[in-house]
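This report concerns strand pairing and helix packing. The sequence and the structure are shown below.

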Amino acid sequence: MPADLSALYKTIQKRSLEIPAIEARGRLVRATGLTLEAIGCQLQTGQRCLIAPHHGAPVEAEVVGFDRDRLFLMPLDRAQGLSPGDPVIPLHNDSRVPTGPGLLGRVINGAGEPLDGKGPLESGPTIPLHGDTINPLKRRPVSEPLDVGIRAINGLLTVGMGQRLGLFAGSGVGKSVLLGMMTRFTTADVVVVGLIGERGREVREFIEHTLGEEGMAHAVVIAAPADEPPVLRLRASLLCHRVAEGFRDQGLNVLMLMDSLTRYAQAQREIALAIGEPPATKGYPPSVFSMIPSLVERAGNGEDENGSITAFYTVLSEGDDQQDPIADASRAILDGHIVLNRELAESGHYPAIDIEASISRVMPQVTDQDHQQAANKFRKAWSIYRQNKDLLTLGAYRAGSNPALDEAIRLYPMMEGMLQQKMREQTSWPESRQRLLHLLGDN
């Protein structure tokens, strides 16, 4: 080939690579409630697109379903200024999640954007929002305790590194305060806090008053308040896990607190009902009960060379009903549950942990025999006292009638002191164990 033709061929070849590929754009045909409908473009469920209105800012949306050639979209932000025929442009780049120590002390939203006004995120390598799951046979077993700084939990509901627990509570019983205490007092390397579906006012209060500078120093907060679209609340929940997984893959031990799993389920219910999925149990469609295990299973220990994610998921019990469908489904999939009791909270007993209704399923794996025996004696004595409390209040019990109850009465003030703890008071795991053994070891 002559030199001039060869040069011409190379030039044409180079220019052809610069020509953008023809992309099939769709158009918006319907907007009903939270759901947008588009035709004319090929997108997969979970893929993102951009709707460009004739007047106003572009709106990012996510595909949540389809019917033949019609796509159902849910906006990631407030959709305003849309009209029929607006172009729908596919976005083929997958969402990326920032990782690294630059996230510590920062507050971000469900899209991974900073909310704290401290400038752009200084993060390390990014990872895909949708990551691979770990083979369960390759996960490291739960074998070491994690110190959360709460006497009642350290001593009687010992948490293991890589465990997943539910924090079951109604409104106003000290749930947020307990989460804040664990954030400040834990010995975990990193804390990831997800505030999903909470009131916007509570987000700032939790960060400034409950967490404080001490808690934020080694924490990352992902916030998606109640006024955010349901898709963004779902993405924020997944983002919590992916940020935690990023730290875990770096060999760190992570404590993840997600408040709340119920709001996550309600966001999925909004989406599912909007696209026509039939309700099943108390208005929740079947997809909700399949998505909860998929999300929760992302937490836990990594492979041998990686760190761990110890997760606490708050579950809101409507009217303190422990048989709420989300509470019931969560209890079955988690490795234990801590129940907060309204009666204890109203009597000034904080944290209002109901020891009789709570359990840590991995406690036998991370504690010794003496610790377990002392915890069982404590539970038995506490339960006997609570069952006979009305008799004692009325003065109808005569000392000596029941030796077990006599012993419970003697121990009750010390047991109550063991369970109660001030907001700024910290008790390490060794101290909690020693106090429990001293209280019941010789009885």
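At what angle do the axes of helix 13 and helix 14 cross, and within what distance do they come?

## Helix 13 and helix 14

In this predicted model, helix 13 (residues 403-419) and helix 14 (residues 429-440) have axes that cross at roughly 175° and come within 11 Å. Angles over 145 degrees count as roughly antiparallel, and helix 13 and helix 14 are therefore roughly antiparallel to each other.

Helix 13 contributes Leu411, Met414, Met415, Gly417 and Met418 to the contact, while helix 14 contributes Ser432, Arg435, Leu436, Leu439 and Leu440. By class, the residues of this contact are 7 nonpolar, 2 polar and 1 charged.

## Helix 11 and helix 14

Helix 14 also packs with helix 11 (residues 369-387), at an angle of about 60° and with the axes 9 Å apart. This angle makes helix 11 oblique to helix 14. The crossing of the two helices is left-handed.

On the helix 11 side, the contact is formed by Asp370, His371, Ala374, Ala375, Lys377 and Phe378; on the helix 14 side, by Trp429, Arg433, Leu436, Leu437, Leu439 and Leu440. The contact of helix 11 with helix 14 comprises 8 nonpolar, 1 polar and 3 charged residues.

## Pairing of strand 3

Strand 3 (residues 48-51) runs antiparallel to strand 4 (residues 59-67), to which 4 bridges join it. Strand 3 also pairs with strand 6 (residues 87-91), again in the antiparallel sense and over 4 bridges.

Arg48 illustrates both pairings: its bridge partner in strand 4 is Glu62, and in strand 6 Arg48 stands opposite Leu91.

Note on methods:
Residues are numbered from 1 along each chain as its sequence is written. This is a predicted model: local features need pLDDT of at least 70, side-chain atom pairs count only at pLDDT 80 or more; totals for chains, interfaces and linings use all residues. Side-chain values use heavy atoms; hydrogens and water are left out. Two strands pair if DSSP finds at least two bridges between them. Axes are lines fitted to C-alpha atoms, for helices over the stretch in contact, and angles run from 0 to 180 degrees between N-to-C directions. Angles under 35 degrees count as roughly parallel, over 145 as roughly antiparallel, 65 to 115 as roughly perpendicular and the rest as oblique. Contact means heavy atoms within 4.5 Å. Ala, Val, Leu, Ile, Met, Phe, Trp, Tyr, Cys and Pro count as nonpolar, Asp, Glu, Lys and Arg as charged, and the others, Gly among them, as polar. A crossing is left-handed if the near helix is turned anticlockwise from the far one by less than a right angle, and right-handed if clockwise.
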